[in-house]
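Visitor: I am new to this entry. Please show it to me, and then I will ask how its terms are applied.

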Amino acid sequence: MWNAYSIGMAAVLATGVIAFAALALERDDLHRLLLIDLVEIPSLGIIALLGTDLAEALVLPGLVVGIAELLALSHIYLLKEGLRDRPEGYLHIEVVEIGHAPAIIASLLVVYGIILSGFTGGGIAGLGVVFFFMAKGHREDFALLEAAAGISWGIWVASFFVFMFLPEYWYLAVMGAAVGILLKVTAKMSLVGTMWGKPHE
Amino acid sequence: MNSIGGPPLFFLEFGDIMIYFSPYTVALFLLALVFTVLAIVSRPENQVEILFGTDAYYGKEIDVPEMRFRRFMSIACGLACMGAMVTGDLFDFTLFVSLVGICNVGIVAAVKTKHVQNAAFQYGIVALTATVPLFGGAAIAAATTGTLSMIALGSGLAGPAPFITRAALVLGVMGEGMAPFYAAKAEMFRAPGAPYVIMCSFSSLLIFLRVVEVVLTI
């Protein structure tokens, strides 16, 4: 009766009860917005309890839906409270001497990420790109990053169409999907941390 | 398969994801299609308020970008609705339903009035919490029976889905389909931009109709 699945389910349900109780008791809108994120965790947990490859494939859309709703809600919150960009948003960190970090660290991370490929590789390569940008100052080319993310997403989707309609070319599709997801996660990761700072047009 | 909506007329396969058209789902799909086309071609209305007891009246100005955004949201809502009507995959159904929820939040929230924004925020919180039973129900069905296909679940090959799955699905659709309640609460029907609010109520009605069929089938 008490196998791993039911123990995990009991833990997830306990988390859910805690999260929903917190949401029901909270009265402040901003705190409710933050607690919503906590409520998302049990639903991802239930999906992850499947414990198969399918779980991995189902967690991703669940996560995307959750993040999309959270973004929409925070935008509504900003509108309804009439909050605007503050005039200054820089982090005031005093640096004794500005020196450029060696680009070799960033390039090592990127090369290692490419060798790993897939999600993990994208994360590591993205970390390298973030490190490069942080060391060299803020001069991201947003249009370029967006274009790279869009093209890589196109490769990814095209590979899935190959899986569906031309299954005999699966090896090509695997390679396309791996490269696509690598570029996409890299581009997304290098956007991390650019939200603070000057509002971009 | 023991299909409550009549025998399936046509199957459309995407890998292992099956879309099926039974008389019931075809009817719902066509309704969603017609209303999406109406949302595309209909022109927004200007609102005129009359001051009670006098002859005075004033018209409310609505800017084009706001209308464009609401039209986009209602078209997206219609597309998500069409997907939810015909899909034969339990998880796809929950995804489409939560997409309908997001689009409804967008339709309500496009009105730049304080009390409408408040209602949209509350509805958004309800819609987001409703994704927990939705995804949870689908995942429990997959964990206990090993499949997400409504056809396999309905034919008795994988056995019927557990009761908790059906209860969770209905609960989740109730949460996502709350839009008319919040639209009425915000007096959206008196807010500017008449035709697009219809999509809120209509999509909620459709997902309720479809979840009944899903719950009786699986």
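Guide: Helices (H or I, at least four residues) and strands (E, at least two) are DSSP runs, numbered from the N terminus. By that rule chain A has 7 helices and 0 strands, in the order α-α-α-α-α-α-α. This is a predicted model, in which local features need pLDDT of at least 70, side-chain atom pairs count only at pLDDT 80 or more, and totals for chains, interfaces and linings use all residues. Residues are numbered from 1 along each chain as its sequence is written, while chains are lettered from A and ligands numbered from 1 in the order in which they are written.

Visitor: What is the mean pLDDT of chain B?
Guide: pLDDT is the predictor's confidence in each residue, from 0 to 100. Chain B has a mean of 84, with 94% of its residues at 70 or more.

Visitor: Why is strand β1 of chain B called hardly covered?
Guide: A residue is buried if 20 or more other C-beta atoms lie within 10 Å of its own, exposed if 12 or fewer, and partly exposed in between, with C-beta atoms placed from the backbone. Strand β1 (residues 10-14) of chain B has 5 residues, and the count of buried ones is 0, so it is hardly covered.

Visitor: What makes β1(B) and strand β2 of chain B a pair?
Guide: Two strands pair if DSSP finds at least two bridges between them. β1(B) and strand β2 (residues 17-21) of chain B are joined by 5 bridges, so they pair, and they run antiparallel. B:Phe11 has B:Tyr20 in β2(B) as its bridge partner.
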